[in-house]
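Reader: I'm new to this one. Can you walk me through the pockets and the surface?

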Amino acid sequence: MEAIDAIMTRRSTRRFKAEVPADDLIDKLVRAGRYAPSGSNSQSNHFFVVTDKTVIDELARMAEEAFAKMEADDDTYVSLKSSIMQAKKGGYHFAYHAPVLIIVANKKDYGNNVADVACAIENIMIAANDLDLGTCWVNQLRWLNEDEAILAYLKERGLKDDERVYGSVIVGYPDGTPDGKPHRKMFDHKGNEVTYIK
């Protein structure tokens with residue numbers, strides 16, 4: 001697949017088969033993330049590649065518990081509001097039961113942390129599309145990156161004191177598509193205004 005095709009046809013996947021992709025495929029995704037640009041070539045992203053279902057499910061449980069304690073109003077960001085409302089109903093799993101969760105952390109006092117993590121996750125999603133894997137960016141751990149319970153849990157698994165989570169991506173084989181590959185239907189994009197200044 002050409003790079004431009006992998007970009008233009010990438011769509012989010014929220015239904016996954018239980019099968020964990022082979023290690024070599026996951027390694028290719030992580031490598032793509034590690035090769036993303038970073039401010040001043042700092043290369044300070046910290047990737048946590050989670051394929052242990054018990055860890056993914058425990059993070060989902062803790063996130064549900066944290067969101068259920070929050071309140072949302074008309075000014076709450078729509079996706080955050082959705083997480084809060086779903087958590088209050090119960091049975092909320094922010095990772096959609098995907099077999100792989102890649103959490104990306106960076107230095108909390110580094111001014112380019114969010115941008116560097118975003119570049120890495122975008123690389124991962126584009127590479128995954130090329131490898132016939134589905135992905136979806138999930139921000140829940142970023143929204144909860146100061147939650148004491150989640151911080152402690154992640155620190156037990158290698159998160160450093162000066163790091164915080166700034167983005168995550170779920171990965172796996174799509175479930176429910178006729179060919180078992182990601183949705184790749186092209187849509188017209190009417191947003192994202194462009195102004196050419198020549």
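**Pockets and surface**

Author: Start with the lining of the second largest pocket. Its residues divide into three nonpolar, five polar and one charged. Keep in mind that this is a predicted model.

Reader: Which residues line the second largest pocket?

Author: Gly33, Arg34, Tyr35, Ala36, Ser38, Asn41, Gln43, Asn45 and Phe47.

Reader: And how much space lies in there?

Author: About 200 Å³.

Reader: Gln43 is on that list. Where is Gln43 placed?

Author: Gln43 sits in the loop between α2 and β1. Its phi is near 45°, a positive value in a residue other than glycine.

Reader: Is Gln43 buried or exposed?

Author: Exposed. The relative accessibility of Gln43 is 56%, and exposed means over 50%.

Reader: What about Gly39, where is that found?

Author: Gly39 is in the loop between α2 (23-34) and β1 (46-50). Gly39 counts as buried because its relative accessible area is 18%, and the cut-off for buried is under 20%.

Reader: Which residue is 73 residues from Gly39 along the chain, with its C-alpha atom 6.2 Å away?

Author: Asn112. The C-alpha atoms of Gly39 and Asn112 are separated by 6.2 Å.

Reader: Now the largest pocket. What volume does it have?

Author: About 230 Å³. There are 14 lining residues, and the closest to the centre are Ser79, Trp137, Asn139, Gln140 and Trp143.

Reader: Which elements give two or more residues to that lining?

Author: These are α4 (78-89), β3 (134-138) and α6 (140-143). The largest share comes from α4, with four residues.

Reader: How does the lining of the largest pocket split by class?

Author: Seven residues are nonpolar, six are polar and one is charged.

Reader: Switching to the surface. Which residues make the nonpolar patch?

Author: Ile4, Ile7, Met8 and Met186 make a nonpolar surface patch of about 380 Å².

Reader: Where does Ile4 sit?

Author: Ile4 is in helix α1, residues 3-8.

Reader: Why does Ile4 count as exposed?

Author: Because its relative accessible area is 54%, and exposed means over 50%.

Reader: Where does Asn192 lie, and is it buried or exposed?

Author: Asn192 lies in the segment after β4 (163-172). Asn192 counts as exposed, at 70% relative accessibility.

Conventions. Residues are numbered from 1 along each chain as its sequence is written. This is a predicted model: local features need pLDDT of at least 70, side-chain atom pairs count only at pLDDT 80 or more; totals for chains, interfaces and linings use all residues. Side-chain values use heavy atoms; hydrogens and water are left out. On a 1 Å grid over the protein atoms alone, a cavity is a set of points where a 1.4 Å probe fits but cannot get out, and a pocket is an open set with protein on both sides within 12 Å along at least five of seven lines; lining residues have an atom within 4 Å of a point. Grid points are joined across faces, edges and corners, and a volume is the space filled by probe spheres set on the points. Ala, Val, Leu, Ile, Met, Phe, Trp, Tyr, Cys and Pro count as nonpolar, Asp, Glu, Lys and Arg as charged, and the others, Gly among them, as polar. Patches are made of residues with over 30% relative accessible area and no salt bridge: like charges are joined within 9 Å, nonpolar side chains (Val, Leu, Ile, Met, Phe, Trp, Tyr) within 5 Å. Accessible areas come from the Shrake-Rupley method with a 1.4 Å probe; for residues, only the protein chains shown count as cover. A salt bridge is a side-chain nitrogen of Lys or Arg within 4 Å of a carboxyl oxygen of Asp or Glu. Buried means under 20% relative accessible area, exposed over 50%, partly exposed in between (1.4 Å probe, protein chains only).
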